Amino acid sequence: MNRSIFSICLLVLGLLSAFSNPISWNKVYQDYFDTYKDMAISQMRQYGIPASITLAQGVLESGAGRSELARVSNNHFGIKCNGWTGRKVYHDDDAEGECFRAYDNAFDSYIDHSLFLRNSPRYSRLFQLKNTDYKGWAYGLKSCGYATSPTYATRLIEIIELYGLDKYDREKPSTDYQPVRHHHQQQPVQQPILHQVQSFNNNYFVIARKGDTFRSIGADMGVDYRKLAKFNERGKDDVLEEGDYVWLKKKRRSAPKEYKGYVYKVQAGESMYSISQRFGIRLKNLYKMNDLAPDYMIQVGDKLRIR
């Protein structure tokens with residue numbers, strides 16, 4: 001056999017073995033965990049889903065990030081459309097040509113996985129379990145209908161135990177008290193709670209707290225603060241006001257489809273910018289869709305189209 005063909009055959013067989021048999025340790029899986037463990041821990045801290053469960057689901061559903069759905073659509077958890085208004089792809093699964101959610105990057109997929117579980121009544125009972133009860137979560141996901149495979153729960157548990165993923169479930173949450181030593185003070189100081197990520201208009205945002213900057217939020221979310229400022233059409237060194245919307249991706253050209261024909265009435269204290277932030281719309285597009293000059297000063301009671 002030609003040496004190059006023989007090498008290719010060995011590579012294919014190795015990958016097939018890695019994806020079909022999670023019981024045996026392989027570097028492909030380990031590399032995946034090393035890449036996404038911090039993201040999984042961050043989601044655990046914000047939403048209470050064990051990091052071990054998130055990682056095991058991610059590696060299993062995405063073939064360690066190498067499945068077609070993960071490579072083309074950044075969908076690491078096999079989440080189907082089910083009312084999704086964002087970008088979609090069609091892929092054969094339980095049936096031919098099923099609709100799956102598509103994301104711009106893996107970060108979006110991990111956030112949406114957390115929101116999908118947290119906001120669905122189907123999975124609400126799982127959040128009564130402890131972060132360290134990965135077995136309860138695994139069997140719960142199966143019984144709640146996350147996957148159709150009868151071995152889904154046991155496969156998750158086998159992966160978690162083989163790779164020791166449960167150690168990530170014991171990471172101290174940011175709400176724990178950590179002692180800070182000073183010369184005249186030994187009182188514990190509470191660490192800040194991570195910003196809660198919310199979704200709207202096929203995008204994600206957080207609400208600024210007092211004293212927040214793009215640097216502080218960027219560090220919290222793992223997003224470059226300069227990009228964050230650009231997404232929000234602000235200066236990178238701006239100090240944010242408490243309650244400001246801070247979008248984690250570039251804003252959209254208009255509000256979601258359900259706002260078609262809707263007219264927004266301007267309230268006291270609002271500006272074109274604050275309205276654009278509230279609905280996740282680029283400022284220039286808000287002016288454009290209302291045929292307004294960029295220097296127009298809106299008045300209370302003005303009516304604006306947002307789509």
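## A quick tour of the fold

C81 is tucked away in this structure, with a relative accessible area of 7%, so we call it buried. Keep in mind that you're looking at a predicted model.

**The disulfide**

- How many disulfides does the count come to? The count comes to 1 disulfide.
- The partners are C81 and C99, and their sulfur atoms sit 1.9 Å apart.
- This bridge ties together distant parts of the chain, since the two cysteines are 18 residues apart. C81 lies in the loop between α4 (68–73) and β1 (88–91), while C99 belongs to strand β2 (residues 98–101).
- Is the disulfide left-handed or right-handed? The torsion about the S-S bond is about -65°, so the disulfide of C81 and C99 is left-handed.
- C99 is buried too: its relative accessibility is 18%, and buried means under 20%.
- Another cysteine, C144, is also buried, with a relative accessible area of 11%.

**The nonpolar cores**

- Here's a handy bit of background: in soluble globular proteins, nonpolar side chains tend to be buried together.
- In this model, the largest nonpolar core has 62 residues. Which of them touch the most other members? Those are F33, Y146, I159 and L165.
- Beyond its neighbours within four places in sequence, F33 is in contact with L55, V59, I159, Y163 and L165.
- There's another core apart from this one, made of 13 residues, and among them are A255, F279, I281 and M289.

**Helices α2 and α3**

- To describe two packed helices, we use the angle between their axes and the distance between the axes.
- For α2 and α3, the axes come within 8 Å and cross at roughly 135°. That makes α2 oblique to α3, and the crossing is right-handed.
- Which residues do the meeting? On the α2 side they include Y29, Y32, F33 and Y36, and on the α3 side they include A51, L55, G58 and V59.
- A56 is found in helix α3, and with a relative accessible area of 0%, A56 is buried.
- Leaving out residues up to four places away in sequence, A56 touches L156, I159, I160 and L165.
- The C-alpha atoms of A56 and Y32 are 9.9 Å apart, although the two residues are separated by 24 residues along the chain.

- Which residues of helix α10 (residues 272–279) are buried? They are M272, I275, S276, Q277 and F279.
- What do these buried residues pack against? Their partners are β5 (198–200), β7 (245–247), β8 (263–265), α11 and β9.
- Is N290 buried or exposed? N290 counts as buried, at 14% relative accessibility.
- Setting aside neighbours within four places in sequence, N290 is in contact with K303, L304 and R305.

Terms used
Residues numbered from 1 in each chain as written. Predicted model: local features only at pLDDT ≥ 70, side-chain atom pairs only at ≥ 80, totals over all residues. Heavy atoms only, no water. Disulfide = S-S within 2.5 Å. Helix = DSSP H or I, 4+ residues; strand = E, 2+ residues; numbered from the N terminus. Buried < 20%, exposed > 50% of the residue type's maximum accessible area, 1.4 Å probe, protein only. Core = buried A, V, L, I, M, F, W, Y, C linked by side-chain atoms within 4.5 Å. Contact = heavy atoms within 4.5 Å. Axes fitted to C-alpha atoms, helices over the stretch in contact; angles between N-to-C directions. Parallel < 35°, antiparallel > 145°, perpendicular 65-115°, else oblique. Left-handed = near helix turned anticlockwise from the far one by under 90°.
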